[in-house]
Each structure stands twice: as C-alpha cells, then as structure tokens.
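The exercises below are to be worked with the sequence and the model at hand. Each task is followed by a solution in steps.

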Amino acid sequence: MTNFTELALELIDFEKEYQLNDNEVALGSQLSVERVHDIKSSSSAQATEEETGLLRRFMQSYHG
C-alpha cells in the first residue's frame, strides 16, 4: 500500500514526463508552490475539489 494519493502520483509522473518542478506546476495551476509540494509529499494533505480541478486542468492543457 502506498502513502501517496492518486493525485500526488499523477503530479509526480506529470512532472517527470515534462521535466517540470513544483514552481512551474504552481504557476500553471495558480496554486502556491508550498501547496503543490504538500499535496505531492504528504498523505495527510488531501487536495480540495477546487485544488484537484486546478491541477488536473493544468495537466490536461499543458503541451510542453
């Protein structure tokens, strides 16, 4: 069993695929870099529905 949420794993894979860092994801998703990092690194830092939507929209619209 993993300690990461599905969204955290998606973010990690997305950043690897496009060679992005938390700062770039934060800028594109309009979240703070601290929040992006928390969502990725802590199983207790659940993203809200709004945060999930912002991150998923950014990942879907990103074309590298």
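**Exercise 1.** Are helix 1 and helix 3 roughly parallel or roughly perpendicular to each other?

*Conventions.* This is a predicted model, in which local features need pLDDT of at least 70 and side-chain atom pairs count only at pLDDT 80 or more, whereas totals for chains, interfaces and linings use all residues. Residues are numbered from 1 along each chain as its sequence is written, and side-chain values use heavy atoms, with hydrogens and water left out.

*Solution.* Step 1: locate the elements. Helices are DSSP runs (H or I, at least four residues) numbered from the N terminus; helix 1 spans 6-18 and helix 3 spans 33-41.

Step 1: take the geometry. The packing angle of helix 1 and helix 3 is about 115 degrees, and their axes are 7 Å apart. Axes are lines fitted to C-alpha atoms, for helices over the stretch in contact, and angles run from 0 to 180 degrees between N-to-C directions.

Step 2: classify. Angles under 35 degrees count as roughly parallel, over 145 as roughly antiparallel, 65 to 115 as roughly perpendicular and the rest as oblique. Helix 1 and helix 3 are therefore roughly perpendicular to each other.

Step 3: list the contact (heavy atoms within 4.5 Å). From helix 1, Leu-7, Ala-8, Leu-11, Ile-12 and Glu-15 meet Val-36, Ile-39 and Lys-40 of helix 3. By class, the residues of this contact of helix 1 with helix 3 are six nonpolar, no polar and two charged. Here Ala, Val, Leu, Ile, Met, Phe, Trp, Tyr, Cys and Pro count as nonpolar, Asp, Glu, Lys and Arg as charged, and the others, Gly among them, as polar.

**Exercise 2.** Which residues of helix 2 are buried, and on how many faces of the helix do they lie?

*Solution.* Step 1: apply the cut-offs. Buried means under 20% relative accessible area, exposed over 50%, and partly exposed in between (1.4 Å probe, protein chains only). In helix 2 (22-29), Asp-22, Val-25, Ala-26 and Ser-29 are buried.

Step 1: look down the axis. The buried residues of helix 2 fall within an arc of 100 degrees, so they line one face of the helix. The arc is that of the directions from the helix axis to the C-beta atoms.

Step 2: find the partners. Helix 1, helix 3 and helix 4 (49-61) pack against the buried residues of helix 2.

Step 3: examine one partner. Helix 2 and helix 4 pack at an angle of about 105 degrees, with axes 9 Å apart; the two helices are therefore roughly perpendicular to each other. Glu-24, Val-25, Gly-28 and Ser-29 of helix 2 make this contact with Leu-54, Leu-55 and Phe-58 of helix 4. The contact of helix 2 with helix 4 comprises four nonpolar, two polar and one charged residues.

Step 4: inspect the start of helix 2. There, a side-chain oxygen of Asn-21 comes to within 2.9 Å of the backbone nitrogen of Asn-23.

**Exercise 3.** Is Glu-51 buried or exposed, and which side chain does a polar contact join to that of Glu-51?

*Solution.* Step 1: Glu-51 lies in helix 4 and, at 13% relative accessibility, counts as buried.

Step 1: a polar contact of 2.7 Å joins the side chains of Glu-51 and Arg-35. Such a contact is a pair of N or O atoms within 3.5 Å; within protein, one must be able to donate a hydrogen and the other to accept it, and residues adjacent in sequence count only if both atoms are side-chain atoms.

Step 2: leaving aside neighbours within four places in sequence, Glu-51 is in contact with Leu-31, Arg-35, Ile-39 and Gln-46.

Step 3: turn to helix 3, where Arg-35, Val-36, Ile-39 and Lys-40 are buried. These residues cover an arc of only 130 degrees around the axis, which puts them on the same side of helix 3. Their cover includes helix 1, helix 2 and helix 4.
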